[in-house]
Amino acid sequence: MAFPKNFLWGGAVAANQVEGAYIEDGKGVDIQDIMPHGVKSGPTEEPTPDNLKLIAIDFYHRYKDDLKLFAEMGFKVFRTSIAWSRIFPNGDDDQPNEAGLKFYDDLFDECRRLGMEPLVTISHYETPLHLAKKYNGWISHDLIGFYEKYARTIFNRYKDKVKLWLTFNEINSVLHWPLTSGGILTPLEKLSKQDLFQACHHEFVASALATKLCHEIIPDAKVGCMVLSMPIYPLTPNPDDIIKVMEMDHFNDFFGDLHARGVYPGYMNRYFKENGISIKTTPEELELMKNNTVDFVSFSYYMSIAESAGGGKRGEGNVMGGVENPYLKKSEWGWAIDPQGLRFILNKFYDRWQKPLFIVENGLGAKDQLVEVDGVKTVNDDYRINYLRDHIEQVGKAIEDGVPVMGYTTWGCIDCVSASTSQMSKRYGFIYVDRNDDGSGTLERYKKKSFDWYKKVIASNGAEL
Ligand code: BGP
């Protein structure tokens, strides 16, 4: 299989799902600290002890040992995010928090020392809580300025250490998860379309601004957007189903269109007009977006869905579910397993945007059983190996199709707290972390069977799956 020589194999996490230390060394409280049960139940007033993310897997104190394990697998790249509230505890502070900056200095130094390129998400579902409470998150135009200052601070500080940046994690998820993705406290059912799409616009402007700044401050860096990818298949060949899918696709594609082409597509202008939405903007903002498109498009891929104009039995999914596809098996959390969908989406995105692509999340959330083999604790996670193997195979096929793929980072390369459900038991890692949903556990790390498997995949550059 034809993986390019410099292909970036690795793994991905996000600060809020691994670090813990939620108010240590001057960190401010962020929106995850008040979401103890994931996205499905509302936020709490204050952080509560049942919130696993307050400690998470204690990566803040254990990162050196964890990075060593990633390096042992041969990672070329390690994706994580910077917790915005470690740098600007409230988001609108005058001065950054030096202790927070220092933490990431040490983290990125350690990555590089171990031969891993850091790939950094600037905002991964962890807006400072104060920005949510005072401004209602990205609905406010003021957020652009706060994000710009934060981005400028981290670009200046880490310009010699970080050359790969992502502006917003799964930016299109704001349409479904306004609090998690946009720091917006108004619940979705009460949120007007005007406010929701205005918030999207503010993120687009901020993303273009960060791209511009990054190119100025770190000329040899590359900036990507990050979208949640989910192929939507028509349930039948009925043209009504085809049009339904096309219209649904538009709501995902427009986020990539904005980043890769820099202009609002006609279908969105039509939607705005028909729904009485008028995006407040300026010629300067529109110019900025047009002139600062991304260097590459990155995305998460877990599953596909089906859709039908006539409805149908609906299933679970990553941020959004669809009509169940009778041809696909599901994970324990009801997410359809569809390796070919990854080849499909790689081809579709490249056809559409003609930009290099980076798969920055893919993996299987499953319940693992810790067992003892010859006195060593491990997990026999053949189901995870099978899932990853089948998906990597499809990446290889897409490369043969002519799609330029920069790299592949599996999601949750070490077990971490789930974004949607806040559970520990939804595990993705090559490394098992002894922590349970009730918060008990020693936080000890154990290598799973998939650890050695992935090491072999990387060593053979994808030839041995
Ligand atoms: C994506 C997020 C991640 C991650 C992943 C798995 O939506 O970018 O932060 O957690 O999905 O989802 P979950 O943790 O809900 O299983």
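Predicted model: local features only at pLDDT ≥ 70, side-chain atom pairs only at ≥ 80, totals over all residues.
A polar contact is a pair of N or O atoms within 3.5 Å. Tyr 428 has a polar side-chain atom 2.6 Å from a ligand oxygen, and for Ser 418 the corresponding distance to an oxygen atom of the ligand is 3.3 Å.

The ligand on its own exposes 380 Å², and 100% of that area is buried by the protein.

## Surroundings of the ligand

The ligand is located in the largest cavity. Around the ligand there are 15 residues, of which Glu 170, Ala 419, Ser 420, Lys 426 and Tyr 428 are the closest. Sorted by class, this shell consists of six nonpolar, six polar and three charged residues.

## The chain as a whole

The chain contains 14 helices and 14 strands. Along the principal axes, its C-alpha atoms fill a box of roughly 65 × 55 × 40 Å.

The radius of gyration of the chain is 21 Å.

Definitions and conventions
Residues numbered from 1 in each chain as written. Heavy atoms only, no water. Near = heavy atom within 4 Å. Polar contact = N/O pair within 3.5 Å; in protein donor to acceptor, adjacent residues only side chain to side chain. Areas by Shrake-Rupley, 256 points an atom, 1.4 Å probe, with all protein chains shown as cover. 1 Å grid on protein atoms, 1.4 Å probe; cavity = no way out; pocket = protein on both sides within 12 Å on 5 of 7 lines; lining within 4 Å. Sits in = over half its atoms within 2 Å of the grid points. Nonpolar A, V, L, I, M, F, W, Y, C, P; charged D, E, K, R; others polar. Helix = DSSP H or I, 4+ residues; strand = E, 2+ residues; numbered from the N terminus. Rg over C-alpha atoms; globule rule 2.2 N^0.38 Å.
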